[in-house]
Amino acid sequence: MPSSVIEPKQKILRALEDQDTTVTFEDPLENEMVLNMGPQHPATHGVLRLLVRLDGETIVSAVPDLGYLHRGYEKIAENSTYHEFIPHTDRLDYLSPLANNVAYVLAVEKLAGIEAPPRAQYIRVICAELARLASHLVWIGTMAMDVGAVTVLLWGFREREKIQDIWDLLTGVRFTTSFTRIGGIAQDISDETLAAIRGFLDQFHTGLSECQNILIKNKIFIGRCEGVGYLSPADALAYGVTGPCLRASGIGHDLRRDEPYLVYPDLDFDVPVYDDGDTLARFYVRLQEIKESVKILRQALEKLPHGPVHASDPKKVLPRKERTYSRMEELIHDFMIVNFGINPPVGEIYHAIEGSKGELGFYLVSHGEGYPWRLKIRSPSFVNLQAMPVMLKGGMISDVVAVIGSVDPVMGEADK
Amino acid sequence: MTPDELRAQLTEKFGTLIESVTVYRGETTVVAAKTCIADLARFLRDDPACQFNSLRDVCGADYYRPGERYEVVYNLYSLPHKTRLRVKVRVGEDDLHVPTVSHVWAGANWAERETYDMFGIQFDGHPDLRRMYLPEEFEHYPLRKDFPLMGIPGSLPLPRK
Amino acid sequence: MAMNSASEGFLTTRLDEIIGWARRNSLWPMPMGISCCAIEMMAFAGPRYDVARFGSEAFRFSPRQCDLMIVAGTVTYKMSHVVRKIYDQMPDPKWVIAMGACTSTGGMYRSYSVVQGIDQFIPVDVYVAGCPPRPDNLLKGLMEVQKKIARGEKPGQAEKVYITETA
């Protein structure tokens with residue numbers, strides 16, 4: 001036989017000798033498949049599309065596909081005045097609309113060099129913490145429902161309805177509030193609202209302990225969540241994860257304490273940190289955060305000072321409506337601010353707050369006009385979703401739902 | 001470290017590639033040449049006096065000016081020192097390429113994809129540069145100033161009724 | 001002798017009425033919950049604004065088992081294909097409620113990626129205004145669909161019923 005045939009034959013024989021001699025052949029039922037957890041899915045918390053490559057039941061890799069709710073916020077911001085954009089910020093993290101209002105208005109005030117009066121700052125803290133409570137109540141309901149405990153959803157919504165009643169009293173709207181204004185808030189908080197908040201806080205612990213007791217000692221819940229979706233601290237830092245996901249991986253970073261804004265330096269609260277880095281740790285962190293928020297709310301209610309709720313900067317802060325209708329100066333200012341904007345000085349800033357999902361930041365560039373030249377929203381859910389494939393790798397397909405529930409993404413802000 | 005110390009250290013290491021270090025409203029901004037961004041990123045992350053171990057955001061901005069039209073902005077945070085920094089890189093329209101920093105901070109991966117999706121700036125060395133939000137077939141870059149707010153009719157397909 | 005058309009009509013109309021009564025009191029919604037309106041839809045199914053008393057508590061997430069699609073949230077061009085696919089998978093007769101301003105007309109998002117109204121690719125029966133509509137507003141929308149079924153109108157083809165914010 002010619003050498004050109006012997007050579008390869010010997011090569012093959014040698015290779016076969018080196019191999020394990022048990023016979024292996026291509027499995028006709030190929031085990032790897034790509035599963036599409038499509039944008040419409042009961043447990044993906046909105047329109048998140050996850051493409052999961054599976055080997056049997058084990059996840060080899062997962063790729064989130066975003067953009068199904070991309071509404072073009074940043075382009076809209078370039079075409080609206082700073083005040084006009086406030087209602088748009090409600091719809092970012094739509095589970096805690098007041099917190100987004102507060103974040104945006106703080107960023108604009110930093111750019112324009114205005115500071116809101118103390119009473120407005122305390123009321124903003126109350127709004128932000130109520131928003132965090134409301135968001136975490138939906139979170140506990142949906143995470144428990146995804147894992148199997150459907151009742152907790154209804155209990156969570158029962159408590160959330162009480163918070164929405166408070167928002168109704170405070171802002172006039174149940175849900176998308178648009179309550180904060182540049183330089184203060186829209187209107188003062190009344191005694192009736194303060195009494196309603198106190199009443200809610202007094203009875204909240206019974207509702208919360210109901211939800212909590214059904215879950216924390218539950219063998220099924222712990223079995224589904226413990227050890228699932230591990231995120232190491234190094235990975236969390238590398239991906240820029242913030243919020244409860246970071247604090248559940250052992251890194252105690254909370255913007256309310258590390259880079260305080262509003263009146264948080266005057267309030268006393270703890271930041272819960274757990275080391276396990278798994279789904280159960282994220283659950284515990286958020287549960288503790290609910291309790292800390294109640295603490296902060298009680299302190300803010302006690303320390304609420306008297307005073308105005310609008311800063312006094314007539315060229316930038318919208319005047320009060322009753323003065324607009326009766327005085328010439330205020331009418332002119334109202335007209336100019338609404339039609340031409342507040343015209344902050346040329347420059348750029350980045351300001352972030354600790355939202356319920358993590359660091360919600362706004363990067364604003366101003367060219368001196370009434371419209372921002374560039375507004376970039378740093379959304380925590382976007383960044384947390386980037387770390388999700390790391391959490392899912394090596395897990396089972398049924399863990400995907402528990403992990404998504406614990407990361408708690410909101411597609412309104414992830415997709416902007 | 002203070003902005004002056006930062007400026008001294010950066011100019012010592014990178015020389016004229018650092019164009020300016022400014023402070024506005026308590027925030028430090030470093031403007032650098034785009035060729036050194038990968039090394040600058042690694043230095044900022046690893047140097048013990050800086051330790052900017054968390055990349056919070058990467059975004060682009062279209063200044064619509066002749067010369068270097070775009071900017072890519074990196075917002076950094078240092079957890080040990082609790083300080084922030086902004087690094088900006090100017091990109092001209094004729095050469096829309098910027099080296100990637102996704103090997104320094106893994107979080108830059110998606111943020112750079114989003115910047116590419118919105119502005120069309122290519123990130124050299126990026127492992128997976130494709131569109132983030134809009135469908136792959138979309139041909140325009142929405143956040144550029146010459147793209148209209150209402151979009152271009154027919155650019156995104158709709159299912160038939 | 002020709003069949004008495006009145007009596008033949010009487011039997012079929014009685015049957016139609018019974019079927020219509022059964023259909024409208026057990027409308028199983030397919031919640032196409034996309035964004036903020038989805039949270040108000042969850043509240044609409046929640047303990048306070050209970051939708052179970054209307055027979056619609058079975059929120060089956062599979063389109064094959066539903067007859068009412070409540071599109072709740074902004075529909076972008078990328079998402080519109082998904083919504084259409086799911087609408088096509090629903091068996092006839094099917095009704096569509098366009099919940100909120102975004103689905104009715106594009107809402108506050110006049111931008112390049114938002115479809116300015118889902119009736120551009122799906123036939124809609126009832127539009128519920130609001131941003132987001134209160135859950136009791138959505139209940140009124142559901143009741144309008146029920147009235148539409150009671151009147152015997154064909155889904156998607158009759159005159160549209162518009163609801164403005166009541167509360």
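**Chain contacts, helices and sheets in a predicted model**

The contact between chain A and chain C takes 29 residues from chain A and 27 residues from chain C, two residues being in contact if their C-beta atoms, placed from the backbone, lie within 7 Å. On the side of chain A that touches chain C, helix H2 (73–78), helix H3 (86–90), helix H6 (151–171) and helix H18 (411–414) of chain A each supply at least two residues. H6(A) gives the most to this side, with four residues. Helices (H or I, at least four residues) and strands (E, at least two) are DSSP runs, numbered from the N terminus. By class, the side of chain A that touches chain C has 14 nonpolar, nine polar and six charged residues. Here Ala, Val, Leu, Ile, Met, Phe, Trp, Tyr, Cys and Pro count as nonpolar, Asp, Glu, Lys and Arg as charged, and the others, Gly among them, as polar.

The model is predicted: local features need pLDDT of at least 70 and side-chain atom pairs count only at pLDDT 80 or more, whereas totals for chains, interfaces and linings use all residues. Residues are numbered from 1 along each chain as its sequence is written, and chains are lettered from A and ligands numbered from 1 in the order in which they are written.

Chain C also meets chain B, in a contact that takes 12 residues from chain C and 10 residues from chain B. The side of chain C that touches chain B divides into four nonpolar, five polar and three charged residues.

Chain A has 18 helices and eight strands. Its C-alpha atoms fill a box of roughly 110 × 50 × 35 Å, taken along the principal axes. Of the 416 residues of chain A, 53% count as buried; a residue is buried if 20 or more other C-beta atoms lie within 10 Å of its own, exposed if 12 or fewer, and partly exposed in between. Among contacts in chain A between residues at least 6 apart in sequence, 70% join residues at least 24 apart.

Within chain A, the axes of helix H7 (residues 191–216) and helix H12 (residues 279–303) come within 11 Å and cross at roughly 160°. Axes are lines fitted to C-alpha atoms, for helices over the stretch in contact, and angles run from 0 to 180 degrees between N-to-C directions. H7(A) and H12(A) are therefore roughly antiparallel to each other, the term for angles over 145 degrees, with those under 35 counted as roughly parallel, 65 to 115 as roughly perpendicular and the rest as oblique. The residues that make the contact include A:Leu194, A:Ile197 and A:Phe204 of H7(A) and A:Leu287, A:Ile290 and A:Val294 of H12(A). This contact has 10 nonpolar, one polar and two charged residues.

Helix H17 (residues 399–407) of chain A is largely enclosed by the rest of the structure, because nine of its nine residues are buried. Among them are A:Asp399, A:Gly405 and A:Val407. H17(A) is followed by A:Asp408, whose phi is positive, near 55°.

Three strands of chain A form an open sheet in the order S6-S7-S8 with antiparallel pairing, where two strands pair if DSSP finds at least two bridges between them. Strand S6 (347–354) and strand S8 (374–378) of chain A are the edge strands, each pairing on one side only. The twist averages 10° from one strand to the next. Eight bridges join S6(A) to strand S7 (residues 359–366) of chain A, and A:Gly361 in S7(A) is the bridge partner of A:Ala352. Helix H4 (residues 97–112) of chain A packs on this sheet, touching S6 and S7 of chain A, and its direction makes about 150° with that of S6(A).

Chain B holds an open sheet of five strands in the order S1-S2-S5-S4-S3, with mixed pairing. Its edge strands are strand S1 (18–24) and S3 of chain B. Strand S3 (residues 54–62) of chain B is largely enclosed by the rest of the structure, because nine of its nine residues are buried. S3(B) pairs with strand S4 (residues 70–78) of chain B in the antiparallel sense over eight bridges. In S4(B), B:Val73 is the bridge partner of B:Cys59, and B:Asn75 stands opposite B:Asp57. Helix H3 (residues 108–119) of chain B lies across S3 and S4 of chain B, running at about 10° to S3(B).

B:Asn75 counts as buried, with 26 C-beta neighbours inside 10 Å. Not counting residues up to four places away in sequence, B:Asn75 touches A:Tyr350, A:Tyr363, B:Arg56, B:Asp57 and B:Arg86.
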